[in-house]
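User: Please take me through this structure in questions and answers, with the criteria stated as they come up.

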Amino acid sequence: MEQLENIDFNALMSEYWPVLVSGALKVLGALVVLVIGLRIAGWLSNLVRKQTTKRAGVDETLGSFFGSLVRWFVTAAVIIASLQVFGVQATSFVAVLGALTLAIGLSLQGALGNIASGVMIMLFRPYKNGDFVEIADQVGTVKEINLFQTILATLDNVKIIIPNTEAIDGVIKNYSGYDTRRCDIVFGIDYDDDMDKALGIIQTLVDADDRVFRDPEPFVKVTNLGDSSVDITCRLWCTATDLWDLKFDMTKKVKAEFDAQGISIPYPHRTLVQKVAS
């Protein structure tokens, strides 16, 4: 108690008060810079995202990605500025942050490559959600495109996840890329059947179908003499959405009309010879 009574609090306050005030002001200044900077980072992020997605052909995911980049860059700058206001020399901090960023980048090369490929896909749009495509030897409908991967649904509804680096590095077949498609169907008839009659049957069915374009003109011709059949190729142009229905319907109608008019579709025969023991 006697030691406490001997302490001159007035002297202590006069000695350390300027230091305390200076420190408090630095802390307050750093907090003000931090709060205002974070608000600016959020505002700029939203602005970039909205302005990016307003542009035609830019995916919403890409807008969110650019907005996130702006937010993180501005936030990092605000933190460094706050440290400097507080009195911390940020030079060494920036060097450590740079080395840490480099180390993280090296350890995440694959992920960063997928992000770069995802940005390329979203910018150049080789395919979009809903397109029927063949990517990395996988065929299906595009369900989702994000910064890391492309997700397909196969015809039997299996989920296929393809890293974006593989998706963009190979050949991409986009079956939905154009509004029109060509429908190719081959019909085989017996060598003893009347070719002109078969051609007439197919042509009549083609002319009666409104889904078939007249320009380009439908192609119905004998194209091959096979081992057991005379092959007639039918090439029809239609809208992409009508392709499969037209193919299936035309195949059924031609088969039914061939049966009705005596045109046979040959199929391989196998003759079994039984050897009789002598």
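Analyst: Patches are made of residues with over 30% relative accessible area and no salt bridge, like charges being joined within 9 Å and nonpolar side chains (Val, Leu, Ile, Met, Phe, Trp, Tyr) within 5 Å. The model is a predicted one, in which local features need pLDDT of at least 70 and side-chain atom pairs count only at pLDDT 80 or more, while totals for chains, interfaces and linings use all residues. Residues are numbered from 1 along each chain as its sequence is written, and side-chain values use heavy atoms, with hydrogens and water left out.

User: Which residues form a nonpolar patch on the surface with about 340 Å² of accessible area together?
Analyst: Accessible areas come from the Shrake-Rupley method with a 1.4 Å probe, and for residues only the protein chains shown count as cover. I40 lies in helix 2 (residues 9-54), where helices (H or I, at least four residues) and strands (E, at least two) are DSSP runs numbered from the N terminus. With 40% relative accessibility I40 is classed as partly exposed, a class between buried (under 20% relative accessible area) and exposed (over 50%), with a 1.4 Å probe and protein chains only. The patch consists of L28, V32, I36 and I40.

User: In what order do the five strands of the open sheet stand?
Analyst: Two strands pair if DSSP finds at least two bridges between them. Strand 1 (residues 132-135) and strand 2 (residues 138-145) are joined antiparallel by four bridges, with V133 opposite G140 in strand 2. Strand 2 and strand 3 likewise pair in the antiparallel sense over four bridges, whereas strand 3 (residues 149-153) and strand 4 run antiparallel with five bridges. The sheet is open, with antiparallel pairing, and its order is 4-3-2-1-5.

User: Which residue in the hairpin of strand 3 and strand 4 takes a positive phi?
Analyst: A hairpin also joins strand 2 to strand 3, through three residues, and I145 stands opposite T150 in strand 3. On the strand 4 side, T150 has I162 as its bridge partner, and L152 has I160. The hairpin of strand 3 and strand 4 has five residues between the strands, and the residue with a positive phi, near 65°, is N157.

User: Which residues make up the covered face of strand 4?
Analyst: In a regular strand the side chains alternate between the two faces of the sheet. Strand 3 is largely enclosed by the rest of the structure, because four of its five residues are buried. In strand 4 the uncovered face holds K159, I161 and P163, and the covered face holds I160 and I162.

User: Which element gives the most to the lining of the second largest pocket?
Analyst: On a 1 Å grid over the protein atoms alone, a cavity is a set of points where a 1.4 Å probe fits but cannot get out, whereas a pocket is an open set with protein on both sides within 12 Å along at least five of seven lines, and lining residues have an atom within 4 Å of a point. The second largest pocket has about 280 Å³ of space, a volume being the space filled by probe spheres set on grid points that are joined across faces, edges and corners. Its lining has 14 residues, of which F132, Y175, R181, L243 and W244 lie nearest the centre, and two or more residues come from each of strand 6 (180-189) and helix 8 (243-260). The most, four residues, come from strand 6.

User: Which residues do salt bridges that share partners join into one network?
Analyst: A salt bridge is a side-chain nitrogen of Lys or Arg within 4 Å of a carboxyl oxygen of Asp or Glu, and the structure holds five of them. One of these connects R211 and D249 (3.0 Å, N to O), linking the loop between helix 7 (195-208) and strand 7 (219-225) to helix 8 across 38 residues. K255 and D259 also meet in a salt bridge (2.5 Å, N to O); they are about one helical turn apart, because four residues separate them in helix 8. The network formed through shared partners is D209, R211 and D249.
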